[in-house]
Amino acid sequence: MQDIPFEYNSFDVVIGNMMLYHVPYLDGALSVFSRVLKRDGTFYCATSGEKGIVEYVAGLISDYRARGNIGGKREYKSSLSFTLQNGEEILLKHFSSAQRLDYPDGLKVTQIQDLIDYLYSLTDMTAIGEMDREELGSILEQNKVDGILYVPKEYGMFVCGGIK
């Protein structure tokens, strides 16, 4: 992304879909995107926020621990480098406008084991990964309402224009 083989002003639209938080040198990639974008072009980038699935579950665990049910309270902090919360500031270094559009969403989980499998597959979930699966399942089951655990997801996108 930091060395794409296209000329200046090549594209009307450039899209970064759920990937900017993976880029090690984000400013370099955004410079390239703005370089290949036409002056009146638009850059779209989707991303997640800091209040999604993992943070919701970590909060449930924290609440459970705070009530004294299991040892010590442990906070979870998102490790994403580009989120809905910090994206505008980052993008405005490269574009003259960055409009945030939120997409309200959530999961309705009926099979708790599927959610547990997903959570344990994440590399940055040490607070949850240290828990016993049965204990985590019990916490999640206790938070079901009418057989459903509603887990919020925070997603959205930025629409950017005006090359700086």
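Helices here are DSSP runs of H or I with at least four residues, strands are DSSP runs of E with at least two, and both are numbered from the N terminus. With that in hand, let's walk through the model together. The model is predicted, so local features need pLDDT of at least 70 and side-chain atom pairs count only at pLDDT 80 or more, while totals for chains, interfaces and linings use all residues. Residues are numbered from 1 along each chain as its sequence is written, and side-chain values use heavy atoms, with hydrogens and water left out.

Start with the overall layout. The protein chain has six helices and four strands, and from the N terminus on these elements follow the order β-α-β-α-α-β-α-α-α-β. The chain holds 164 residues, of which 41% count as buried; buried means under 20% relative accessible area, exposed means over 50%, and partly exposed is in between, using a 1.4 Å probe and protein chains only.

Next, the interior. In general, nonpolar side chains in soluble globular proteins tend to be buried together. A nonpolar core is taken here as a set of buried Ala, Val, Leu, Ile, Met, Phe, Trp, Tyr and Cys residues joined through side-chain atoms within 4.5 Å. The largest such core has 22 residues, and the members touching the most others are L20, L30, F43, F82 and L91. Two or more residues come from each of helix 1 (26–36), strand 2 (37–48), helix 3 (87–91), strand 3 (95–109) and strand 4. Helix 1 is the biggest giver, with five residues. For a view from one member, pick out F82: setting aside residues up to four places away in sequence, F82 touches L20, Y21, L26, C45, T47, S48, G87, I90, L91 and F158. There is also a second, separate core of 16 residues, and among its members are V54, I112, L119 and L140.

Two of those names lead us to helix 4. Which residues of helix 4 are buried? In this helix, residues 112–121, they are I112, L115, I116 and L119. Looking down the axis of helix 4, these buried residues fall within an arc of 100°, so they line one face of the helix; the arc is that of the directions from the helix axis to the C-beta atoms. D114 and S121, on the other side of helix 4, are exposed.

Helix 4 also packs against a partner. Two packed helices are described by the angle between their axes and the distance between the axes. For helix 4 and helix 6, the axes come within 10 Å and cross at roughly 125°. The axes are lines fitted to C-alpha atoms, for helices over the stretch in contact, with angles running from 0 to 180 degrees between N-to-C directions. Helix 4 is therefore oblique to helix 6, since angles under 35 degrees count as roughly parallel, over 145 as roughly antiparallel, 65 to 115 as roughly perpendicular and the rest as oblique. At this meeting, I112, Q113, L115, I116, D117, L119 and Y120 of helix 4 contact R133, L136, G137, L140 and E141 of helix 6.

Now for a few individual residues. S34 lies in helix 1 and is buried, at 11% relative accessible area. Apart from neighbours within four places in sequence, S34 is in contact with H94, F95 and I163. V109 sits in strand 3 and is buried as well, at 9%. The C-alpha atoms of V109 and G147 are separated by 8.5 Å, although these residues are 38 apart along the chain. Beyond its neighbours within four places, V109 contacts L115, K144, G147, I148, L149 and V151.

V23, in the loop between strand 1 and helix 1, is buried too, at 6% relative accessibility. V23 and M1 are 22 residues apart in sequence and 8.3 Å apart in space, C-alpha to C-alpha.

Finally, have a look at the backbone. N9 is not a glycine, yet it has a positive phi of about 55°. N9 belongs to the segment before strand 1 (11–17) and is partly exposed, at 37% relative accessible area. D146, also not a glycine, has a positive phi near 55°. D146 is placed in the loop between helix 6 (133–142) and strand 4 (149–163), and counts as exposed at 77% relative accessibility.

Key:
Contact means heavy atoms within 4.5 Å.
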